[in-house]
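User: I have this one open on my screen. Can you go through it with me?
Analyst: Go ahead, ask as you look.

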Amino acid sequence: MFGGEYPVSPEQVAFYEENGYVRFDNVLNTDEVAALRTDLAEAKAKKNVYARDLAGGDGAAGGDDKILQMLNLWERFDSVRDYILGGRIARMAKALTKSPTIHLYHDQALIKEPGPSAPSPWHQDQPYWPSKEWGMLSCWMALDDVTIDRGCMQFIPGSHKWGEFPPISFEGEGKALKEYMSEEQLAAWNPVPVEMPAGSCTFHHGLCFHYTNANTTDHVRRALVAIFIPEGITYAADEKMDNPFAESITSQKGEPLRGTRFPELAAETATGQ
Ligand SMILES: O=C(O)CCC(=O)C(=O)O
């Protein structure tokens, strides 16, 4: 499980470059999805991972979370480790970014249970990351069939070309992303929801605006996100907000972003492929 290649076409690379996101179907088979679901359930039950309610609730991993976030499951759970270190999605990130190498920044499970659930507000990821340059990207893997009502990803195509905006609070405080946008950008506001079956994924650029609805269905919505660092990304240190991995960062400001918890996942082969 979790080995092998998923081919990325030149058209998909061009779509990603133009729109800031791209979708891939059936990247994981049903056994792989089942194994990852088992790890997420165990992580949630054990509560020994970095876990919090992104929407600001105080019941992290207690069952009442509106958006349960659990970080770096690859360090503790076998299937997530095989999924991440197996490199299938990292090599897809390498193809999309045309980078000679890909390092992991971190993974995160994002779970919206039926019942209490909140939207993930429109935001960019880049403001939360400790990198100076733009170009880091995420793979959002659906571990359930996702629809708009169940909290599938939605994107504003081309918004990754609009630069970096301030971080947005997931707790419903502070300004919404739209309040920072120009008239021209507001006129181009055209959200694209990406409904897809479990085992399919989207990749999105760290500047691409994205959003998910609250889960208003009777079924859980589980996603496993992996965040990647291509070449040419340096550590911004005090220029960015705090991050949960600051202590593991081994770079000095301005050096390539590297850390003890950021393994290399994909690299050039001897033949340059
Ligand atoms: O799954 C969600 O609700 C939000 C996902 C997200 O913001 C991300 O993967 O960057």
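User: How far is the polar side-chain atom of S120 from an oxygen atom of the ligand?
Analyst: The distance is 2.6 Å, in a model that is predicted. Polar contacts here are pairs of N or O atoms within 3.5 Å; within protein, one must be able to donate a hydrogen and the other to accept it, and residues adjacent in sequence count only if both atoms are side-chain atoms.

User: What about H210 and T212, how far are their side chains from an oxygen atom of the ligand?
Analyst: For H210, a polar side-chain atom is 2.9 Å from a ligand oxygen. For T212, an N or O atom of the side chain is 2.7 Å from a ligand oxygen. The ligand on its own has 290 Å² of accessible area, and the protein covers 97% of that. Those areas come from the Shrake-Rupley method with a 1.4 Å probe, and for residues only the protein chains shown count as cover.

User: Which residues are around the ligand?
Analyst: L110, K112, S120, H123, D125, W140, M153, H204, H210, T212, R221 and V225. The criterion is a heavy atom of the residue within 4 Å of the molecule.

User: And which strands supply at least two residues of that shell?
Analyst: β4 (102-112), β5 (120-123), β10 (210-212) and β11 (221-230). Strands are DSSP runs of E with at least two residues, helices are runs of H or I with at least four, and both are numbered from the N terminus.

User: Which pocket does the ligand take up?
Analyst: The ligand's space is the largest pocket. A pocket is an open set of points on a 1 Å grid over the protein atoms alone, where a 1.4 Å probe fits, with protein on both sides within 12 Å along at least five of seven lines. A molecule sits in one if more than half of its atoms lie within 2 Å of its grid points.

User: Before I go on, what are the ground rules for numbering and confidence?
Analyst: Residues are numbered from 1 along each chain as its sequence is written, and side-chain values use heavy atoms, with hydrogens and water left out. As this is a predicted model, local features need pLDDT of at least 70 and side-chain atom pairs count only at pLDDT 80 or more, while totals for chains, interfaces and linings use all residues.

User: Back to D125. Buried or exposed?
Analyst: D125 is buried, at 10% relative accessible area. Buried means under 20%, exposed over 50%, and partly exposed in between, with a 1.4 Å probe and protein chains only. D125 is in the loop between β5 and β6.

User: Which side chains make polar contacts with that of D125?
Analyst: H123, at 3.1 Å, and H210, also at 3.1 Å. Leaving out neighbours within four places in sequence, D125 is in contact (heavy atoms within 4.5 Å) with S138, H204, G206 and H210.

User: Where is Y211?
Analyst: In strand β10. Y211 is buried, at 18%, and its side chain makes a polar contact of 3.1 Å with the side chain of N213. Its contacts beyond four places in sequence include P119, S120 and M153.

User: Now S117. What does its side chain reach?
Analyst: The backbone nitrogen of N215, at 2.7 Å. S117 is in the loop between β4 and β5 and counts as buried at 17% relative accessibility. Outside four places in sequence, S117 is in contact with K66, K112, A214 and N215.

User: How many residues of helix α4 are buried?
Analyst: Seven of 10, in a helix that runs over residues 88-97. Among them are R88, K94 and L96. K98 follows α4 and has a positive phi, near 55°.

Technical notes:
1 Å grid on protein atoms, 1.4 Å probe; cavity = no way out; pocket = protein on both sides within 12 Å on 5 of 7 lines; lining within 4 Å.
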